[in-house]
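Welcome to this short tour. Open your viewer, get the selection tool ready, and follow along stop by stop.

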Amino acid sequence: MRHEQLSELGQQLRVDSVRAAAAAGSGHPTSSMSAADLMAVLMGNHLRYDFEQPDHPGNDHLIFSKGHASPLLYSVYKAAGALRDEEFITFRKRGSRLEGHPTPRLPWVDVATGSLGQGLPYGVGTALSGKRLDHVPYRVWVLCGDSEMAEGSMWEAFEHAGYERLDNLTAIIDVNRLGQRGPTRHEWDLDAYARRIRAFDWHTIEIDGHDIEAIDRAYGEALSTVGRPTAIIARTMKGRGVASVENREGMHGKPLKNADEAIAELGGARNMAVPVLGPPSVTPTRPASEGPLALPRYNTGDSIPSRDAFGEAVAAIGTARGDVVALDGEVGDSTRLEYFHKEHPERYFEFFIAEQQLVAAAVGMQTRGWNPYVATFAAFFTRAYDFIRMASISDADLNLIGSHAGVAIGEDGPSQMGLEDLAAMRAVHGSTVLYPCDANQTAQLTAAMAEESGIRYLRTTRSGTPVIYPPTESFPVGGSKVVRSSDDDRVTLVGAGVTLHEAVEAADRLAQEGIPARVIDLYSLKPVDTETLRAAAEATGRLVTVEDHHPEGGLGDAVLDAFGDGRPVPRMIRLAVRMMPASSTPAEQLSDAGIDADAIVAAARQLVGRG
């Protein structure tokens, strides 16, 4: 498109952003107006995208990291002919696909954004997919705000993109000077941004973000830059084109007071249709299956860490499934994800100690149809929790594996102990939470995760635990295993992972005292096996839950959820880690926390009146 047409298109995008916010009575039109020229030139001359085939493998990817500028994104879709005006003005209304911040309810949106600092990390994952997995020439364009440049996750992304030499990635930074409450840290000091970004091996271009010719040249330069990602750092004005809001504080996140006057000042409504360039015809490469799934098999009675079983299982899954990729946070030797690397190095990605980028890259990769397994210590996923939360809004499919969980890790102490992970992962919308107790169960559940949807979390254990199930045993998600039972059971012991073995030992000791106890292996904490728990409560009337986790939100709460429909709750004692642990051996840790066999026996005695 000619530059004068692109200038008119920029005005159209501003007008439509004003219209959308006015119709909704809320939104961020001024943040949209600052970047309108940047998006006009991109869609008019450089973006390659087939809006009728959003899954086309050659399509570029446009990510609005500054998701609050959604009026601008929807205005782009309208100008491309993807949205009709009747739907466009439903912005932010009940039932509309045009939400306040973009989500994949719209087929052209890859990932949900709006929690600032996330779009560029997602873009890194998408760019890696194109470069190292799919081997297709699509471009990833990420519109970033200057306020989110204060987020640490942005700098994890800048560093990793530079390290990987992702020349198919372009960050467009809309430096409009004003954040929500006032000026940003660097205001219009473009060089302050450029110096920092160049230090991470990026090519940088500083421009006037309202100079159509300069914008066009910058995109061309980005496309021709080889071996480095490009950051276009654009000086813009918030509320550009309307005197009452242009470069004025206090206008963030508010519709314009007089939309009709603003539209007139912008030259009136337009209805330009933009012939967006189509994508090239490409065929992504996908490794073929090397044979049927052959999971590792372990002998009952052996002592195997569940983290070892996970590593061997995920390597086998990678052989059977060409769509599986593995992402590590520089702990692959501990989580055992390194076993996958030995078998499938071309599908293994190292993100070092950058957990936000680790999870974000997985989200980006799964948008391209890859099935990621992401492993780090359970405690370290807390750094990436907002990315996990947002991944559920993106309807993303992720396999997360948290190792070294609970006090059972022993001498490393509380900084390394995941004691909140089960609660955090159960709270994620639509999640699946699994906690296996032995090697064969771990292998089976690791494979089952790949077939599930949403966020799937598997908790593994550092030390060896006895193999109690044969390799032929099945473990459906949402199920449990009754390990001990009789018609005379007087109490039910519910555990998972390391505490399941403590519960089995406790049941054997209780039997010697004439107190028959049922033992349930609650390996699926979400969804939980309500039928088995209710049957046990009805049969025994007494429950002891025991977990290597804080009492809030973990196994005990999962058990209570089975009785949340108003039916009577059985007498219950909940054993959990209620103190701040310190360094000691695993056995001492379980004893000090009151979650070992001794504590379970004492709780059971108390419930049956023998304490």
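Which residues in H11 meet which residues in H17? Before answering, keep in mind that this is a predicted model.

**Stop 1: H11 and H17**
Select residues 306-320 for helix H11 and residues 439-449 for helix H17. On the H11 side, show Ser306, Ala309, Phe310, Ala313, Val314 and Ile317; they meet Ala439, Thr442, Ala443, Thr446 and Ala447 in H17. Sorted by class, this contact has eight nonpolar and three polar residues, with no charged ones. Now look along the helices: their axes are 8 Å apart and pack at an angle of about 40°. Because of that angle, H11 counts as oblique to H17. The crossing here is right-handed.

**Stop 2: the annotated stretch**
Next, select residues 304-467, which an unreviewed UniProt entry lists as "domain: Transketolase-like pyrimidine-binding". This stretch is 38% helix and 21% strand, and its end C-alpha atoms are 7 Å apart.

**Stop 3: the domains**

**Stop 4: H1 and H4**
Finally, select residues 3-24 for helix H1 and residues 70-79 for helix H4, which pack at an angle of about 120° with axes 8 Å apart. That angle is why H1 is described as oblique to H4. Their crossing is right-handed. Show the side chains in the contact, including Leu9, Leu13 and Arg19 of H1 and Pro71, Leu72 and Lys78 of H4. By class, this contact has seven nonpolar, three polar and three charged residues.

Technical notes
Residues are numbered from 1 along each chain as its sequence is written. This is a predicted model: local features need pLDDT of at least 70, side-chain atom pairs count only at pLDDT 80 or more; totals for chains, interfaces and linings use all residues. Side-chain values use heavy atoms; hydrogens and water are left out. Axes are lines fitted to C-alpha atoms, for helices over the stretch in contact, and angles run from 0 to 180 degrees between N-to-C directions. Helices (H or I, at least four residues) and strands (E, at least two) are DSSP runs, numbered from the N terminus. Angles under 35 degrees count as roughly parallel, over 145 as roughly antiparallel, 65 to 115 as roughly perpendicular and the rest as oblique. A crossing is left-handed if the near helix is turned anticlockwise from the far one by less than a right angle, and right-handed if clockwise. Contact means heavy atoms within 4.5 Å. Ala, Val, Leu, Ile, Met, Phe, Trp, Tyr, Cys and Pro count as nonpolar, Asp, Glu, Lys and Arg as charged, and the others, Gly among them, as polar. UniProt positions are given in the numbering used here, feature names are shortened, and annotations may be inferred rather than shown by experiment.
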